[in-house]
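Biologist: Could you take me through the strands of this protein, please?

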Amino acid sequence: MKNPYVPAPVKLVRHVVETDDNLIHSFTFQFLKEEDEKAFVYRPGQFAEVCVFGKGESPFGMASSPTEPGILKFSVARVGVVTSALHEMPEGSILGVRGPLGNSYPLEEFKGKNLVIIGGGFAFTTLRSLTTYILHPDNRGDFGELTVIYGARNPGLLLYKDELAGWEKRSDINLICTIDAPADGWQKKVGFVPAVTKEVAPSSADAYAVVCGPPVMIRFTIPVLEELGFPPERIILSLENRMKCGIGMCGRCNVGNKFVCKDGPVFSKAQLNKLPPEY
Amino acid sequence: MLLLNKDQITSWLNKLIPAYQVFAPVKEGDYFCFQQIRSGEQAVLNYTNSRIPPKEILFPRSEKLFCYRCETGGVQLTEQVDESKKVVVGVRPCDAKSFLLLDKVFNGDQYVDPYYLTRRNNTVLVGLGCNQPAATCFCTSLSGGPFSAEGLDLLFVDIGDQYLVEVVTERGKELLSGMELPVAGQEAQEAARAVKESAVCSTLVDLGGLKYRLDVNFDDPIWALLAEKCLGCAACTYTCPTCHCFDIVDEAAGKEGCRIRNWDACMFPLFTLHGSGHNPRPTGKERFRQRIMHKFKYFVDNYGTIACVGCGRCILSCPVNLDIRQVIEQISQAGGDQQ
Ligand SMILES: Cc1cc2nc3c(=O)[nH]c(=O)nc-3n(C[C@H](O)[C@H](O)[C@H](O)COP(=O)(O)OP(=O)(O)OC[C@H]3O[C@@H](n4cnc5c(N)ncnc54)[C@H](O)[C@@H]3O)c2cc1C
Ligand code: SF4
Ligand code: SF4
Ligand code: FES
């Protein structure tokens with residue numbers, strides 16, 4: 001009987017401060033045991049329970065992509081007990097990871113389609129995973145045009161700044177970064193994500209939209225997408241209810257008759273329309 | 001069907017105790033609870049039902065999942081799966097059925113809970129039919145009954161000085177090996193039939209229309225009304241044989257510690273509070289609705305059966321007398337304006 005509660009030991013190999021406000025740190029882990037690494041086969045959009053021994057565990061979406069073998073990366077905002085403990089961990093520390101958990105972005109459905117990836121704030125984590133996955137030479141040909149719209153309050157709060165700079169130079173991705181209000185030295189777009197989405201007006205023809213961000217951003221972005229002609233089946237969202245077990249047993253994360261941990265966290269707007277708004 | 005004299009119970013249990021952890025109803029103050037017994041005399045079988053369901057034998061209120069010791073460059077993990085063999089004696093039919101419901105949660109297609117399932121596989125359930133259902137019992141409304149053998153290995157029917165023993169499974173039969181019990185004759189069988197006939201649950205709850213209502217009444221004003229009285233104390237969920245919600249926490253000192261799971265409840269505001277401060281179920285209304293929806297709609301959607309066995313414990317334990325039977329009726333009768 002495989003025990004789904006027991007974490008695999010991992011080593012923290014890189015701990016970086018991701019944002020200027022010091023609230024988001026990124027953590028890169030390596031498995032201590034080869035068999036654990038082999039067993040951890042994941043897809044963009046899935047998450048894992050990361051534990052700081054002695055403090056507890058918390059769910060985080062994988063920010064790394066399966067195309068980056070040997071490592072797992074998470075970007076974590078400091079909000080409470082476990083996340084604060086994580087932020088204190090020096091490189092070399094031993095932590096635990098159990099997963100992968102949850103479903104993933106529907107990559108099969110995405111095949112051959114154009115993709116519009118829209119992210120706000122630090123919810124860009126699994127979107128980084130997805131974008132990195134699509135941009136990998138082995139996969140890029142499977143997908144159509146790729147548009148990424150990513151907003152943060154100010155330039156210092158954007159995650160993965162180096163990578164964004166790299167993506168900007170590529171011709172096989174159209175990256176649009178925006179910040180809420182003008183800032184010194186910022187020459188790109190200014191404005192909230194929904195407004196910028198409206199302005200960029202990505203075509204809904206043969207396209208899927210994937211949206212992750214704070215609730216307000218999602219609330220105002222969806223009508224824009226609907227106006228652009230995206231049907232609810234092709235608007236993909238990821239939920240973040242409070243979780244403990246991650247395997248549909250502790251009864252904590254349900255939205256109606258679905259468990260966000262097991263049946264999600266990725267749902268289409270069409271699926272969510274059939275569920276009560278308890279998220 | 002076999003016959004067991006009541007005065008044989010003690011010696012039978014004493015015979016089982018060396019081979020199994022034996023649990024039986026025991027009197028504690030003014031109520032009964034299931035406890036591991038060291039001697040057959042401790043078992044009290046003329047009881048109504050335990051305050052806390054025998055669920056806690058397979059799914060304890062608090063249990064260690066594993067313990068760990070952090071070392072330089074690694075961590076030692078020790079799983080704490082309980083593999084001991086157990087017998088639970090005196091299980092009421094409603095509680096036996098609750099294990100079948102918990103099985104659906106803990107023995108899923110995708111994931112299996114090794115703590116519950118290992119105990120479950122190693123536990124033999126000896127039932128005791130209910131000659132006198134309590135005023136709060138309504139198992140018959142939920143396709144159960146005071147003498148239902150569903151989920152049990154043996155069922156005892158009290159016919160006076162003797163128990164008529166219905167052997168339900170091979171495992172049950174094994175428990176009686178060496179006892180040389182006589183086969184129940186015509187007279188005993190007659191007596192059992194009479195006992196069963198006279199045992200009636202006084203309330204019948206009409207569940208016929210409930211699911212149809214719950215499918216459409218998420219926004220019905222009835223929820224605010226029903227939740228008005230509720231204190232959110234979670235006594236109902238703690239005493240429920242089908243509730244399975246839990247929390248997972250670490251308890252540690254220095255480099256050593258354990259990961260522990262504790263019963264938790266959807267009636268508590270912290271249960272769903274996000275790290276950001278947002279709470280999808282911010283008030284008692286949403287939480288009360290969740291409890292009812294989970295048992296009578298979501299569980300039905302996911303597993304094809306209602307997650308209530310009619311044991312009546314929530315009715316007995318609620319400090320403000322919220323009666324689930326009335327709640328069900330009120331919901332069934334409310335509205336009609338939504339479809
Ligand atoms: C599928 C999924 C994916 C996720 N992905 C990510 C991700 O990629 N990155 C990310 O950062 N987050 C992510 N989250 C959210 C993350 O899981 C939570 O932020 C995290 O679990 C919070 O854990 P904690 O122990 O730090 O907070 P808790 O300690 O549980 O804190 C909960 C709340 O209590 C407050 N609190 C805690 N301790 C105290 C105290 N001592 N005194 C007063 N108040 C206190 C906190 O401020 C907070 O508001 C994800 C969640 C899900 C469900
Ligand atoms: S509900 Fe009452 S009568 Fe029915 S099985 Fe349970 S204890 Fe016995
Ligand atoms: S026992 Fe009664 S008051 Fe307490 S949470 Fe349950 S319904 Fe509410
Ligand atoms: S996190 Fe336990 S049921 Fe989803």
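Modeller: What follows concerns the strands in chains A and B of a predicted model.

Biologist: In what order do the strands of the open sheet in chain A lie?

Modeller: Six strands form that sheet, in the order β4-β3-β6-β1-β2-β5, and their pairing is antiparallel. The edges are β4 (56–61) and β5 (72–77) of chain A, each of which pairs on one side only. On average, neighbouring strands of the sheet are turned by 40° against each other, direction ignored.

Biologist: How many bridges join β3(A) to β4(A)?

Modeller: Strand β3 of chain A, residues 47–52, is joined to β4(A) by six bridges, and the two run antiparallel. Within β4(A), F60(A) is the bridge partner of A48(A).

Biologist: Turning to chain B, why is β7(B) described as largely enclosed?

Modeller: Six of the six residues of strand β7 (residues 123–128) of chain B are buried, so the rest of the structure largely encloses this strand. In a regular strand the side chains alternate between the two faces of the sheet. Both faces of β7(B) are covered: T123(B), L125(B) and G127(B) are buried on one side, and V124(B), V126(B) and L128(B) are buried on the other.

Biologist: And which strands are joined to β7(B) by bridges?

Modeller: One of them is β6 of chain B (residues 86–91), which runs parallel to β7(B) and is joined to it by five bridges. In this pairing, V88(B) stands opposite L125(B). Three bridges also join β7(B) to β8 of chain B (residues 154–158), again in parallel. There, G127(B) stands opposite L155(B).

Definitions and conventions:
Residues numbered from 1 in each chain as written. Chains lettered and ligands numbered in written order. Predicted model: local features only at pLDDT ≥ 70, side-chain atom pairs only at ≥ 80, totals over all residues. Heavy atoms only, no water. Pairing = 2+ DSSP bridges. Helix = DSSP H or I, 4+ residues; strand = E, 2+ residues; numbered from the N terminus. Axes fitted to C-alpha atoms, helices over the stretch in contact; angles between N-to-C directions. Buried < 20%, exposed > 50% of the residue type's maximum accessible area, 1.4 Å probe, protein only.
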